[in-house]
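Hello,

Here is the structure I promised to pass on to you.

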Amino acid sequence: MRYCKSIILPFAITLISVCFGTSCKKLHEPPSTELQPPSTLEELAALFYYQTIMNYSPGLNELSADNLYQLYDFWLQRSPVQQNAYLWKPDIYGGDTAAGDYDLCSAQVLNANIVLEDLQKMSASSNPALWNKLKGMALFFRSWAVYNMAQLYAPAYDPVTAYQDLGVPLRQSSSTSEKTTRATVEQTYDQITRDLQEAVPLLPAFDAINNNLPSKPAAYAMLARVYQSMNQHQLAERYADSCLGLYNQLLNYNTLSISDRAPFNKTNPEIIFKSNVTDKADALYELSDSGCIIDSVLYQSYATNDLRLKAFYIINEGSGLPISKKSYNGIVFPFTGLASDEMYLIRAESRARAGNTTGAMNDLNTLLKNRWATGTFVPFTTSPDSTVNLILQERRKELPFRGLRWTDLRRLNKEGYNIKLTRNFNNTTYTLLPNDRLYVLPFPADVISVTGMPQNPR
Amino acid sequence: MGKHLLLSLLVACGIHNCIYSQEKTKSFTSHYVNAPVYKIIEDLEAVFNLYISGHIREEDINITIDFNNSSATESLNTFCHPDRADAMLDSMKNNDVRKDLRKYYYQNDITRRYTLNVTEGNTVNAYHLLLGYDHTTTGRRGNEQQHFVLSFNNQHAWLKNRLQLFTSARASLNKNINNNMADPPEIYPYSKLTDDDGHALPVPKDHKDSYPGTADITKLLDWKYRPVDEISFANNKTNILELISNYALEYKFNDNLTGKLIYQFEKKTTENDNLKSLQTYYTRNLINLYTQVNGNNVSYPVPMGGILDRGKSSYQADNIGIRMQYAKMWDTIQKPGQQINLLAGFDSKIVNTQSSLRRLYGYNEDVQSSVEPNYLIRYPIYGQSTAKKVPFMNRSVGTNENFLSGYITGIYNYQNQFVVSGSMRQDASNSFASRINDKFSPLWSVGLAWEISRARFYRLRLPYLKLRATHGLSGNVYKQASSETILQFNTDVSTAQLVAAPVSLSNPDLRWEKSRMTNFGVDLASNNNRIILTADYYFKNSTDLFANTQIDPSIGMRNAIRNSASMTGKGFELGLTMNNNLGVIKWASTFWLNHSVDEIKDYKGSAVPIGEYCLPGDPIPLKGHPLNSVYSVKTLGLNPTTGQLVGVYKGVASFDYNTILQSTDVSNLTWHGSSIPTYFGLFNNTFRWRDLSLSVNISYKFGYYFRRTSINYNDLFENHVGHIDYMKRWQHPGDEKNTTVPAMTFPSNVPEDTYYSFSGNLVERGDHIRLQEIRLAYKVSKDTFHWLRSGTVNINAGVNNLGLLWRANGHGVDPDYINGFVPSPTLIFGLKTNF
């Protein structure tokens, strides 16, 4: 049997070592083409390209605000959370745990934290430009989500009580062992502004094609929006100014096909950062037979030659009532992102509050010149005392359904504007008083029971 | 050496009377069982009375009442005139949709099986050939399965049988037609599926029968759903081709050492073509929903034509193994001596799968053309205040799993009296979870057996007595668990960008599940093996068990798989085989009894709303109870004035069902017991008289609980799902003394329905004894029938699924088939010959 030993054994050993050598290497291959841990910077970036998560924002704030009213039959077809939020019910969930807004913001924070954690593990040297960009984007997205959450679940910023008012959770990692607690309002806004300031030098310049991703002007714009919501107008002016210094394009509405259902599209040059209301808030969809009607005071406030009347709204043939056209970036969900028109209005309001009437009116007229029919616009003039009010009126007309009104109501009422909301609905009158505790929405019940965080009193 | 040829042919046929089971139980709903149709109509009258008296609105009635073949409004008018209402009710009482379902939806389930075996050969070269064909018409009309199989095994030896090669190849083809996949429509028992001439009639589905309004009717496709036509319009074919080949090369180096190389190749491809032509409701409905009507302009974002869903998947596995076996005996002829067996080996397996689905819209079967819709635009949906994109169904996924394992086992046998054994193995794979391998030592087990009956001092009259003991550690990883963050990658349809979303969060604490088990056993046998008994007792301790745990939604996800539980388990297994002679009849019986219980010792998952414990699905561990348990929420019976179910929250009566179900305080729960049998087994008997044999097989399950179904008013109003308990519902004050079924309210109180379905009133003992099978077999052999040229013919006939002999619950529910669908008896005939 020497024959066998001399041939078969070496042959077998070679065969086996080849087979198992390959097998050992194969142990490090990912088991699936679609499920993998991120191993490159490009794969991490894929988290931010996912617009279905990253470019949406809450809808409960707009549903609770005073830009709209709903017809009864239309309201009946909405989810319980939307129905209850519309009527300012103390418990808006009614046992429904599918709380879209909270989960959406938490998912955005998670993606940002995953990127921040993995960047620490990956070397910056392979592509330092992308590494920095991703870090800046992560910080921007985290503050974007935390800010949006704070507009729903935390009270408006009050410098006197912010150190003790309860804000929202500020999760720092994707780890499940990190316990979720409620930060104070002070800590909440501290992190939002700190993240944004850290992001500014890391973020890339504005790129219209990729306006779903944050850029330098987007971070400035966000800082302006945040400081305005805190009633810190000096800082709001500074950052609006920084933003407009980098990007100040406006769209002349005379160039629009104004009678279209979608006069705007995604190339709207005013857009700095793209975001739309989550699809959970379907009451806010643009639909030809929508029962979501424009508030009559708002609708009647537009002058005849103001092109926004026709660009934003259409009369529904069925009900004879005004409803929304497709949004500012041409899709059916309202636009809630950052845009240059908002920056002009923030700077104007801040300048007016600081007594710089000329500067304020310059900003306002620069904007409105692009909104009125050619040849009809006469620049506004006003007395220093009424400048702020005029700008606030114009702000409401320029930015309806942009997710801003609820925050404006909260900050203006803090300053004593005393705006009372009422809804006459199905033979009942519902009222929301200024600074009412109903201005702070409740956290979903399961979040409270799992974390033990204190619920907002309603 | 002479070759001998063996041929055998097997013919078998099984008939399963599907209609019987459908009719007895589920059909359109298991719940109208025995409930006279007129009774339900009477109660619908009550609903109309509520409408007429202004208690409910017309919109609500439209949901409930949508009569077959007549629009809702007509029915309503009819009802509002008492004279006409009576006539209508009378005519409806004569309809029973179950008769129509029997005729158009179901058929007998018949399986025919033919097998031909050919074996020929000797020790140098032998082969086995198998040819098989099965044909099944399933219980649903329009479905059919065919199965072809060809297999060939060959063995060849060289070098005086020291080198042997085994090869085998098997090819099989399944051709399935599934044209009746949809469940029977949920419709009123007094509906009709066809008119008197046999033409299919529409039944309401998704929307009111009178829908759409007349305005757009010409612009839309026919929007009616005719269940009987659907079966003939469907065209859904699946072909599965499977090839397996095995090669094993074995070489005996000497009398003790044997080496073996094994290679197996397996490939399976599945192709499914599901063509939903323009005639099918699915396609008509989808086109209609997306139809854009703008004055006289009509456009169809879902292209006009059929919809073809074409799925392909493949599975390929390569398996390579090598093992070395060493066996040595120190033996004398008269007396067994010592024996040692060692086996060591490596196995490597590589599994690749690919699956893809592609949907073609506007499909024209004749020229195989299709139209690409615009997937990016959100279109307003016809008649609904919402907008959606055209469903994008194209998808392709691949997986790649690689395994490598090494093992060694050893057995030492001393004079067949003592046996000591041990084994050890180490596994590795490329699944994310097993990258934690380095944190874990190999798995192992040791065993000891002592055949006392061979000991010198043994004096008992039992000829065979053996004691056994084993102890071992086993481990397990859950494939979906990962220590790293896992993202799901995809390509955005509109931007062509690589996009990702997290599906699993990093978990540095991920560990193997570990289980230590100790087993003691005894085997004994009487003279001539008339009684053989084996008994085992085991206990085990499992730690770091994986559980899909609800996590804090603030993290950004709602679920995660975690090492979060530990549990203990114990049980015993008893087997008894007896061979008795009852005169000329031989009676062989086997009795098996299994007992096992477990208890959660620790669970670290976060608190869960108590309602979740009562839901079906993955069990949620609760410390101090078995993993699989039946829990219920507490009630204080029915409110004597309203018949409403009284819930209990923190020991106090409450009607706030949602608050109770959302609370995480488990003291609001009642634990009934295990949801899986803690005692189960079988009792099989064969009686033989000459060439005739009769077997009777009985199985039993004890020591567990289940939750039965009852009336759910929301289901009744929305989906026409009734239940016999409807007849027992609370109707008048005083009824609460005799019933636990809450009063009907309209519109339904959904939280109350849910709370009632979770309540202890519906938890029953699951214990039962089942008559599994009776089979009669007869062997026609040459000895008795001399005209047979050669071989034998075996004939058998039997019945399966004969039902329950005894059950603990008093509601007539078969605990193995809680939702209805009790399989009806199956008849089996078989014929097997050898030539």
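Predicted model: local features only at pLDDT ≥ 70, side-chain atom pairs only at ≥ 80, totals over all residues.

Residues are numbered from 1 along each chain as its sequence is written, chains are lettered from A and ligands numbered from 1 in the order written, and side-chain values use heavy atoms, without hydrogens and water.

Chain A has 18 helices and 13 strands (DSSP runs, H or I of at least four residues for helices and E of at least two for strands, numbered from the N terminus). Its C-alpha trace spans about 110 × 50 × 45 Å along the principal axes. Of its 458 residues, 59% are buried (under 20% relative accessible area, 1.4 Å probe, protein chains only).

The sheet is an open one of 3 strands, in the order β1(A)-β18(B)-β19(B), with antiparallel pairing (two strands pair if DSSP finds at least two bridges between them). β1 (35-36) of chain A and β19 (498-504) of chain B are the edges; each has a single partner strand, so one side of each lacks a neighbour in the sheet. Strand β18 (residues 486-491) of chain B is joined to β19(B) by 6 bridges, and Ile486(B) has Ser504(B) as its bridge partner there.

Finally, Leu694(B) is in strand β30 of chain B and is partly exposed, at 32% relative accessible area (partly exposed lies between the 20% for buried and over 50% for exposed).

Best wishes
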